[in-house]
Amino acid sequence: MSRNVTYRGDLANSLHGSVLWHIVKRFNDPDLRHKIAEIVNPILPGRELYETLEFSDDESSAAQNIADIGFLKFDLPIQEKHIEAVRRYFDGIDDTENEETLRHYKINDILRAPYLLDIACNTELLRLVSAYLGSAPTILDLCAWWTDPTTAQPYGAQIPHRDRDDFRFCKLFLYLTDVGEDDGPHIFLPRSQSRKGMEELCKKHGVDTKKADKAFEIVSRDRADWISQTFGPSMIEFTGSAGTTFIVNTFGYHYGKVPRKSSRLIFQALYGQSGYGYREDRLVQTHNTALPDKFLKNPLANYACRLIGKGSAQ
């Protein structure tokens with residue numbers, strides 16, 4: 001089946017898109033980001049597709065949970081034999097991009113892995129993400145990496161920080177190994193993605209609510225120590241067996257705990273509103289990889305994959 005990618009352009013390479021990308025990366029004000037997301041949604045190429053979706057009360061409630069709290073524990077129908085197949089596949093790949101104790105797989109290798117795109121394009125998942133975003137979702141990145149145990153101090157993404165991948169976005173995390181408290185669990189500060197939530201956290205921890213704005217200063221890592229020391233008891237650790245999945249709005253403070261016991265293998269899919277220059281520079285690497293027909297026949301999955309895989313833009 002030949003693929004005709006109708007939606008590959010939109011804002012990505014335009015002056016409009018370039019300006020928005022700089023705003024995405026430079027502004028931490030959650031209210032401003034929310035307003036811009038609401039402005040962008042109606043002009044996205046998937047608007048008509050989104051308007052065909054009717055959400056159940058359960059879907060709307062789950063989406064609101066992500067909006068309010070910042071995360072959702074979401075079970076996907078993943079079989080143990082599929083997880084084992086993914087691990088065997090990655091075990092056969094030596095060409096990784098290494099950084100300290102992290103070993104990142106290349107995006108084309110991730111795209112070709114068994115079952116991972118099926119998981120990222122699960123219809124129930126895409127509907128839920130649509131309800132949260134207020135738009136049909138676009139996959140903006142696919143990542144998979146090992147984090148090996150170490151006695152070294154945290155660095156990089158192991159320090160509390162915010163992501164600014166789009167005006168409104170979320171990430172699916174899938175553990176491909178068992179993850180206990182000493183195996184590098186993902187850690188998140190619930191409600192830290194909104195000003196109202198940060199004010200609630202300040203009240204809970206006896207901090208003047210006027211200091212909530214301190215949490216939204218532009219370089220979030222500069223506030224890592226304050227966040228950890230002040231709000232540490234409210235942070236949650238996502239532990240679980242291989243196959244555990246959860247959705248997080250990582251504009252809220254989060255980090256990967258340093259593994260002290262066992263290596264952790266994790267898969268991550270990033271969903272947002274629109275592709276921008278930086279993301280397209282990475283995703284264009286996949287444009288010689290053909291996607292299976294099943295993703296092209298499903299309108300929501302086809303749109304979600306609009307920036308990845310082989311196709312001809314209109």
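Does Trp 226 count as buried or exposed, and at what relative accessibility? At 15% relative accessibility, Trp 226 counts as buried, where buried means under 20% relative accessible area, exposed means over 50%, and partly exposed lies in between (1.4 Å probe, protein chains only). The structure is a predicted model, in which local features need pLDDT of at least 70, side-chain atom pairs count only at pLDDT 80 or more, and totals for chains, interfaces and linings use all residues. Residues are numbered from 1 along each chain as its sequence is written, and side-chain values use heavy atoms, with hydrogens and water left out.

The overall form of the chain comes first. The chain has 13 helices and 12 strands; helices (H or I, at least four residues) and strands (E, at least two) are DSSP runs, numbered from the N terminus. For 314 residues, a compact globule would have a radius of gyration near 20 Å, and the 19 Å of the chain agrees with this. That radius is taken over C-alpha atoms, and the globule rule is 2.2 Å times the number of residues to the power 0.38. The C-alpha trace spans about 60 × 45 × 40 Å along its principal axes.

Of the 314 residues in the chain, 55% are buried. Among contacts (heavy atoms within 4.5 Å) with a separation of 6 or more, 84% are accounted for by residues 24 or more positions apart. The accessible surface comes to about 14300 Å², and 47% of this surface belongs to carbon and sulfur atoms. Accessible areas come from the Shrake-Rupley method with a 1.4 Å probe; for residues, only the protein chains shown count as cover. The chain carries 39 positive and 43 negative side chains, and the centres of the two sets lie 2 Å apart. In this count Lys and Arg are positive and Asp and Glu negative, while His and the chain ends are not counted. The place of a charge is taken as NZ of Lys, CZ of Arg, CG of Asp or CD of Glu.

The aromatic side chains can now be examined. The structure holds 10 aromatic pairs. Rings of Phe, Tyr and Trp (its six-membered ring) pair if their centres lie within 6.5 Å; planes under 30 degrees apart count as stacked, over 60 as edge-to-face and the rest as tilted. The rings of Tyr 89 and Phe 90 have centres 5.3 Å apart and planes at 65 degrees, so this pair is edge-to-face. Tyr 89 is partly exposed, with a relative accessible area of 23%, whereas Phe 90 is buried at 0%. Trp 226 and Phe 231 form an edge-to-face pair, with 5.3 Å from centre to centre and 85 degrees between the planes. The partner of Trp 226 in this pair, Phe 231, is buried, with a relative accessible area of 0%. Ring pairs also link Phe 71, Phe 173, Tyr 175, Phe 188, Phe 238 and Phe 246 into a cluster.

Tyr 115 has a positive phi of about 75 degrees although it is not a glycine. Tyr 115 is placed in the loop between helix 6 (107–111) and helix 7 (116–120), and counts as partly exposed at 33% relative accessibility. Arg 191, also not a glycine, has a positive phi of about 75 degrees. The loop that holds Arg 191 runs between strand 7 (186–188) and helix 9 (195–204), and Arg 191 is partly exposed at 32% relative accessibility.

Three further residues show how parts of the sequence are brought into contact. Ala 63 is found in helix 4 (residues 57–69) and is buried, with a relative accessible area of 6%. The C-alpha atoms of Ala 63 and Leu 128 are separated by 6.2 Å, although the two residues are 65 apart along the chain. Not counting residues up to four places away in sequence, Ala 63 touches Leu 128, Ala 131 and Tyr 132.

Thr 96 lies in strand 3 (residues 96–99) and is buried at 18% relative accessible area. Beyond residues up to four places away in sequence, Thr 96 touches Arg 103, His 104 and Tyr 105. Ala 136, in the loop between helix 8 (123–133) and strand 5 (138–147), is buried, with a relative accessible area of 2%. With residues up to four places away in sequence again left out, Ala 136 touches Gly 46, Leu 49, Tyr 50, Ser 130, Gly 272, Leu 300 and Tyr 303.
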